[in-house]
Amino acid sequence: MSHYQAPLTDMYFNLFDLWQTQKYWDQSPALKELLDQETASAILEEAAKVAAELIAPQSKLADQQGVRWHAGDVTTPDHYKTCYQQLCEGGWTGLAGDPEYGGMGMPKTLASMYEEMLCSADIAFSLYSGLTAGACVALNQHADAATKAIYLPKLYSGEWSGTMCLTESHAGSDLGIMRTQATPLADGSYSVSGSKIFITAGEHDLTTNIIHLVLAKLPDAPAGSRGISLFLVPKFLVNTDGSLGERNKLSCGSIEHKMGIHASASCVMNFDGAVGYLIGEANKGLACMFTMMNYERLAMGSQGLGAAERAYQNALSYAKDRLQGRTTGKDTNKADPILGHADVRRMLLNVKAINEAGRSFSVYVAQQLDQAKYSGDKKAEARANLLTPVTKAFMTDRGLDACITAQQVFGGHGYIQEWGMEQLVRDVRIAQIYEGTNGIQALDFAVRKVAADNGEALHELLAEISEKLANQPHPGLSAFLTEYKNVLSELLVAGKSNTQLLPAVACDFVDLSGYLLYGYMWHQTLTVLDPAKHSADFVESKQLTARFYFERVMPKAWGLIAIIRQPISALVEMRDELF
C-alpha cells in the first residue's frame, strides 16, 4: 500500500531558486549548449514518471521475491529485467556519463535529484545502476584511453554493469591487511586470486557482462595500504573489438541473507586466477578506488533522503485518513484524523524539516562537485571533499531517524508488512553501514578533513555562512554559529596534545556540523522565498517548517556542544576486561 510521487516542486525550488544552478549551467562552456532550466525540468519530469510509475509500485514485490542463488548464478526479482531495460533505453544509466563515451553528460546537481527519486522508488534496484555509475567515474579518471574506449560505452548504455570489490572476510575498513593477490603475466595482464565479500551486484542476470574493480596486492607490494593496486576484472573477457570472449576464472560463491535490500545481490566473489588489468599506477589503487567510493558515499546520502521522503509521504497520507480520538471538539461522537494530534504533527514536522533541508544540502554539495569538475575550482573541490563524510553520515543517520519516526505515525500498522513502512526502515538501515560505517565517516571528517588542514576548509565554509548572516540576520543561527566556532577552536587546540580526543568526539562533532549546515540551508531558503514566484501555501509551508527547525530541531544540537566539552576520561580509562 506504500506509494510515492517525486517532490518535483521542491526539487525545482532547490535547483532553480535556492541555488540557481541554471545560471551556472549558462556560464559553463561544457554545459550551456547541453542544458537549461526547461530541459532539466523535462528530464526530471520524465525521471519522476519512471520512478513513481515503473519502479516504486513493485518495490514490495522485489523485497518479497529477493534474489536467488543457484550453482553460482544469481536471479533478480522477475520485474527487474523489464525495469532495468527501460532505464537503459531511456539513457538513465548514463545520465551523468562522459559524452565522449556515450554518456548524457548531465551535471551532478541534476543527477542527484534523479538518484533521490530512484532511491525513494526502490533502494535495492537503484544499486545496480548506482554501482555502475561509480565504476564509470573511477575508470574515466584513472584508466587509459584504450580501456575507456572499450568499457565506458557499454557501461553507460547499461549493457554491462560494474562493481567495487574491496572487503574481505578478515579485512573490513582495514584494507591494508587484504590478502587478494595479483601476479603479473607475460602479456601485461595479471592473474588475480582471492575472495571478496559483501559485493553489491557481484553477480546477477540484468546485464551481459559485469566489470569488477578489484583491490589486490602485487607480489612485491609495500606493506599496508601503500601496497594496494586496482584491477579491472571482467566476468567475461573482452575481445579487442569489444565483443565478449570466454568466461573469466571468477564465480559467485554465495549471496548474503540480509535485514533489508533483499533484491540487491550482495555476493561472495571468488577470483581463481582471473585475468585482470591494472588501472592507474601500481601500488596506488586505493586512491583510484576512493574516486568510486566517494561517489558512492554521496549516493548514500540520496538513499537516506530517498527513503525518508517516501516514508514522509505515506505517513502524511495515513495521518490524514486515520480517524482516532477527538481533536476538534466539534463532534464528540465522531473521531478526527490523527493529523490533528500535537504529537503526530510533531513527528511529521520533524521529518519534513530534516528532509527538505537534506534536499537543499544535497544540491549544495552537488554544486560544489560541478564547479570543481567543469570550472577546475579548487575551493569547491576542497569543500566537496570536506562535506562528503557529512553527506554520508548525517544524511543516512537522519534518514533512518525519519523512517522510524514516520513508521511511528502508523502505530501498530507501521510494524506490519502491508503498509510498507517496515521495509523502508529495513532497507535504509544499511546506508549507515556500507561504503564505510558512519563512525568511520565521522573519524574521516574530524581527523582527515578538519584537523589535517587545521580547519582551513571548514573555516572558509563558516565564513560563507557568516557573510550570509550579516546580510540576512538570524539571531538563533548566529548564536549557534558562534558557539560552533568556539567548539571547533577548542578541539583543534586540544586535539594536538590529546590524540584520543577527536576520535572520541567525532560522531558528536559530525552531527553538530550537520545540524549547523541544515540550519544554513533553512536560512538560505527563507531568503529566496518569493510570493510572486511561489504559491502562498508553498511559501507559508516553508516558513513554518523553517521556524519548526530553528525552534524545535536545531536546539537539540546545543546538547551535543555540552557533550563534546565533557571529559573523555571514562571512555579512555575503561580497561577492556571491564566491558
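Buried means under 20% relative accessible area, exposed means over 50%, and partly exposed lies in between, with a 1.4 Å probe and protein chains only. The views below come from a predicted model, in which local features need pLDDT of at least 70, side-chain atom pairs count only at pLDDT 80 or more, and totals for chains, interfaces and linings use all residues. Residues are numbered from 1 along each chain as its sequence is written, and side-chain values use heavy atoms, leaving out hydrogens and water.

**View 1. Ile261, a buried loop residue with positive phi.** With a relative accessible area of 4%, Ile261 is buried. This residue sits in the loop between strand S10 (250–255) and strand S11 (266–279); strands (E, at least two residues) and helices (H or I, at least four) are DSSP runs numbered from the N terminus. For background, most residues other than glycine have a negative phi.

**View 2. Asn454, a partly exposed loop residue with positive phi.** Here the phi is near 55°, again positive in a residue other than glycine. Asn454 belongs to the loop between helix H13 (438–450) and H14, and its relative accessible area of 41% makes Asn454 partly exposed.

**View 3. Helices H14 and H15 packed in a left-handed crossing.** The axes of H14 (residues 456–471) and H15 (residues 475–497) come within 11 Å and cross at roughly 160°. The two are therefore roughly antiparallel. Axes are lines fitted to C-alpha atoms, for helices over the stretch in contact, and angles run from 0 to 180 degrees between N-to-C directions; over 145 degrees counts as roughly antiparallel, under 35 as roughly parallel, 65 to 115 as roughly perpendicular and the rest as oblique. A crossing is left-handed if the near helix is turned anticlockwise from the far one by less than a right angle. Contact means heavy atoms within 4.5 Å, and among the meeting residues are Leu458, Leu462 and Leu469 of H14 and Leu477, Leu481 and Leu488 of H15. By class, this contact has nine nonpolar, three polar and one charged residue.

**View 4. Helices H11 and H12, another left-handed crossing.** H11 (residues 378–409) and H12 (residues 421–429) have axes that come within 9 Å and cross at roughly 165°, so they are roughly antiparallel. Leu400, Cys403, Ile404, Ala406 and Gln407 of H11 meet Met421, Glu422, Leu424, Val425, Val428 and Arg429 of H12. Eight nonpolar, one polar and two charged residues make up this contact. Also in H11 is Asp401, partly exposed at 36% relative accessibility.

**View 5. Tyr434, buried in the loop between H12 and H13.** Tyr434 has 14% relative accessibility. From Tyr434 to Arg297 is 8.7 Å, C-alpha to C-alpha, and 137 residues in sequence.

**View 6. Met117 in the largest nonpolar core.** This core has 188 residues, and those with the most contacts inside it are Met117, Phe509, Leu512 and Tyr549. Helix H9 (residues 285–321) gives the most to the core, with 16 residues. A nonpolar core is a set of buried Ala, Val, Leu, Ile, Met, Phe, Trp, Tyr and Cys residues joined through side-chain atoms within 4.5 Å. Beyond its neighbours within four places in sequence, Met117 contacts residues including Tyr4, Leu8, Met11 and Leu44.

Methods
Ala, Val, Leu, Ile, Met, Phe, Trp, Tyr, Cys and Pro count as nonpolar, Asp, Glu, Lys and Arg as charged, and the others, Gly among them, as polar.
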